[in-house]
Amino acid sequence: MTSTPDTRIGDATLGKAADENFPVAPFFLPRAWRDDLMAVYGFARLVDDIGDGDLAPGGADARHLGLEPEQSDDRLAMLDAFETDLHRVFATTGEEPHHPLLRNLRPTVRRRTLTPEPFLGLIEANRQDQKIRRYGTYAELAAYCELSANPVGRLVLALTDTASPERIRRSDSVCTALQIVEHLQDVAEDLERDRIYLPADDMERFRVAESDLAAPSAGASVRALIAYEAQRASELLNEGPPLVGSVNGRLKLLLAGFVGGGRSALTAISAAGFDVLPGPPKPTKPSLLREVGIVLRRARGER
């Protein structure tokens, strides 16, 4: 079968799932769940690519959203157009969504009776990235994670019809942790984009200047700061095993994969001596499987 431009756009975006710290839609899930998870992932990945300026060259995404190809680099205009197209996903009348990934999302939204709020939060997080490039306190960073990460966990619970106030609370902690871990892995890459997701008051406490983050390798003060933030993420991930233990069947394995992915990424950061500046420390597959096993044992109350 010959690929169309629409399918190539979708394939390029969805193909990035392999680079995540955790399995996005693993094989052991029912086909309907995998399809729905990939539809949501496609949305989240594309909105991040818009916000980061990582769209495929050629301007196809802009054209789909009703903009000129040269407007691909106008991130706020792209996010506004993307939000307009998102509203078409939820509309019961009028034209269908223009972008192929949003057209693909529409059946999932209807089948699972999803609401717009988590999707709008992800768009707003990327708008914030265009305007706010430094965070003064950990509380400010956590508020950003409320938009950039926590909606994803809430969507997973909604897709699997398992949402409850307690599960949402624990999911929010896990997702905030996963976002912090990603920021720790990407300190150097984020700095190249003139973004720092390490709280300024923590940097001051550990006597880390922005210029220290631009070094080819981390000095002792940067390593101590990264270790401190990693410990914060680790404590948040402690909400993971009780969350995993509260569900059954294949969802238990999926959530254990998310939590185990965060834990194995933290293990990789620690194994690098908390020196994240040469490049993102990446977890290995054996490490991921080992951490998933630990999460599952703790979910059963074992040590």
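Q: How many cavities of 30 Å³ or more turn up in the whole structure?
A: Two, going by a search of the whole structure. Keep in mind that this is a predicted model.

Q: Ok, what's the volume of the largest cavity?
A: The largest cavity holds about 50 Å³ of space.

Q: And which residues line it?
A: The lining of the largest cavity is made up of His-183, Val-187, Asp-190, Arg-195, Ile-196, Tyr-197, Leu-198 and Leu-213. Sorted by class, that lining has five nonpolar residues, one polar and two charged.

Q: What about the second largest cavity, how much volume is there?
A: The second largest cavity comes out at about 40 Å³.

Q: Who's around that one, the second largest cavity?
A: Its lining consists of Leu-141, Ile-180, His-183, Leu-184, Tyr-197, Leu-198, Pro-199 and Glu-229. His-183, Tyr-197 and Leu-198 are in this lining, and they also line the largest cavity.

Q: Which helix gives the most to the lining of the second largest cavity?
A: That's helix 9, residues 165-185, with three residues.

Q: What's the class breakdown for the second largest cavity's lining?
A: Six nonpolar, one polar and one charged.

Q: Switching to packing. What does helix 9 do with helix 7?
A: The axes of helix 9 and helix 7 (residues 138-148) come within 9 Å and cross at roughly 110°. The two helices are therefore roughly perpendicular to each other.

Q: Which residues make that contact?
A: From helix 7 you have Tyr-138, Leu-141, Tyr-144, Cys-145 and Ser-148, and from helix 9 Thr-176, Gln-179, Ile-180 and His-183. By class the contact has five nonpolar and four polar residues, with no charged ones.

Q: How does helix 6 sit against helix 7?
A: Helix 6 (residues 117-131) packs on helix 7 at an angle of about 135°, with the axes 7 Å apart. That angle makes helix 6 oblique to helix 7.

Q: Last pair: at what angle do helix 2 and helix 8 cross?
A: Roughly 155°, with the axes of helix 2 (residues 31-52) and helix 8 (residues 150-159) coming within 11 Å. So the two run roughly antiparallel to each other.

Q: Left-handed or right-handed crossing?
A: Helix 2 passes helix 8 in a right-handed crossing. Trp-33, Asp-36, Leu-37 and Val-40 of helix 2 make the contact with Leu-155, Val-156 and Leu-159 of helix 8. Six of these residues are nonpolar, none polar and one charged.

Note on methods:
Residues are numbered from 1 along each chain as its sequence is written. This is a predicted model: local features need pLDDT of at least 70, side-chain atom pairs count only at pLDDT 80 or more; totals for chains, interfaces and linings use all residues. Side-chain values use heavy atoms; hydrogens and water are left out. On a 1 Å grid over the protein atoms alone, a cavity is a set of points where a 1.4 Å probe fits but cannot get out, and a pocket is an open set with protein on both sides within 12 Å along at least five of seven lines; lining residues have an atom within 4 Å of a point. Grid points are joined across faces, edges and corners, and a volume is the space filled by probe spheres set on the points. Ala, Val, Leu, Ile, Met, Phe, Trp, Tyr, Cys and Pro count as nonpolar, Asp, Glu, Lys and Arg as charged, and the others, Gly among them, as polar. Helices (H or I, at least four residues) and strands (E, at least two) are DSSP runs, numbered from the N terminus. Axes are lines fitted to C-alpha atoms, for helices over the stretch in contact, and angles run from 0 to 180 degrees between N-to-C directions. Angles under 35 degrees count as roughly parallel, over 145 as roughly antiparallel, 65 to 115 as roughly perpendicular and the rest as oblique. A crossing is left-handed if the near helix is turned anticlockwise from the far one by less than a right angle, and right-handed if clockwise. Contact means heavy atoms within 4.5 Å.
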